[in-house]
Amino acid sequence: MASIITVSGLTKSYASGFQALKGVDLEIEEGEIFALLGPNGAGKTTMISIICGNVRATGGSVTVAGHDIVRDYRGSRSAIGLVPQELHTDAFERVIDTVTFSRGLFGKPRNDAYIEKILRDLSLWDKRHSKILELSGGMKRRVMIAKALSHEPRVLFLDEPTAGVDVELRRDMWKLIGELRQTGVTIILTTHYIEEAEEMADRVGVIDKGELILVEEKTVLMKKLGRKTLTVVLAEPLAAVPPELAEWQVALKADGHEIEYEFDTRAERTGVSSLLRRLGDLGIGYKDLNTQQSSLEDIFVSLVHQEKAA
Ligand SMILES: Nc1ncnc2c1ncn2[C@@H]1O[C@H](COP(=O)(O)OP(=O)(O)OP(=O)(O)O)[C@@H](O)[C@H]1O
């Protein structure tokens with residue numbers, strides 16, 4: 001698939017000297033939903049703000065739909081819709097006016113049919129004459145999305161679309177984002193919630209301390225996340241894995257004092273109890289057992305360690 005955004009060697013140092021981005025490379029494919037995950041202060045908002053032209057990069061380059069964000073700011077910006085973290089819109093304005101006005105800001109000719117379509121798609125049509133202040137929190141978020149879509153962007157950025165919203169509204173947002181993708185728009189969202197990435201994304205990028213430490217297909221990442229490692233601490237060390245254990249593909253660790261077995265927690269049969277039974281049948285005694293989940297945290301940590309070691 002073709003890239004719609006290309007980020008190359010992107011760096012950002014704030015005036016304080018703080019380095020918020022340390023050389024990020026990333027390609028976003030047209031039509032995908034990409035989730036950017038990372039802890040507080042990782043650099044997610046900084047990166048989005050640079051791509052959208054609200055913050056100036058210190059180094060590197062970005063193109064959006066073929067337009068360089070500095071040399072051709074207008075071209076790149078008109079390809080982007082941004083739903084920022086904070087909801088700010090004029091409380092006294094009416095829904096239809098604020099959305100129509102947003103389109104005008106991009107110099108696009110009036111298109112009532114298109115505005116009606118997005119308001120209908122976002123279930124705001126019945127509220128089109130309401131003032132923003134009369135809307136619920138969930139509807140206000142929808143208005144922000146309608147504004148961001150008003151000029152027909154090819155890419156939509158959602159900065160923490162479900163921060164601080166209740167579970168029901170979160171599910172609504174997920175459904176809505178799924179529907180938006182059907183219209184062909186490329187979606188990039190930032191989130192702290194792994195479930196959000198699990199629910200929505202085609203690919204996931206993990207950013208930590210200004211570095212993109214992982215970019216992976218969601219399904220691959222979830223496979224890793226669903227895995228656990230069972231460690232069996234043996235009573236007596238083994239010189240080799242007995243052939244009777246071949247079907248579990250165990251590994252011998254700690255100079256033969258431990259057996260490690262990796263299993264999928266989501267599988268109907270994890271193989272754990274049959275492995276322990278087989279050990280019993282073989283007369284292989286053990287002193288202790290423990291299991292460890294491979295969490296996103298683990299993936300974070302091991303990647304950061306690998307990077308440091310390198
Ligand atoms: N204008 C600024 N001046 C100096 N430092 C800044 C500025 N804006 C952001 N930072 C710092 O840059 C780092 C990255 O911030 P950023 O907002 O990009 O993180 P984030 O990943 O979006 O975090 P969060 O999940 O909390 O929104 C933080 O340490 C932040 O304090």
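Select Thr-63 to begin: this residue stands opposite Asp-68 in strand E5. The model is predicted; local features require pLDDT of at least 70, side-chain atom pairs count only at pLDDT 80 or more, and totals for chains, interfaces and linings use all residues. Residues are numbered from 1 along each chain as its sequence is written.

Next, select strand E4 (residues 59-64), which two bridges join to E5 in an antiparallel arrangement. Strands (E, at least two residues) and helices (H or I, at least four) are DSSP runs numbered from the N terminus.

Axes are lines fitted to C-alpha atoms, for helices over the stretch in contact, and angles run from 0 to 180 degrees between N-to-C directions.

Finally, select helices H3 (residues 95-105) and H5 (residues 137-149), whose axes come within 7 Å and cross at roughly 30 degrees. H3 is therefore roughly parallel to H5, a term for angles under 35 degrees. Val-95, Thr-98, Val-99 and Ser-102 of H3 make the contact with Val-143, Ala-146 and Lys-147 of H5, where contact means C-beta atoms, placed from the backbone, within 7 Å.

For colouring by confidence, pLDDT (the predictor's confidence in each residue, from 0 to 100) has a chain mean of 88, and 94% of residues reach 70 or more.

How values were computed: Angles under 35 degrees count as roughly parallel, over 145 as roughly antiparallel, 65 to 115 as roughly perpendicular and the rest as oblique. Two residues are in contact if their C-beta atoms, placed from the backbone, lie within 7 Å. Two strands pair if DSSP finds at least two bridges between them.
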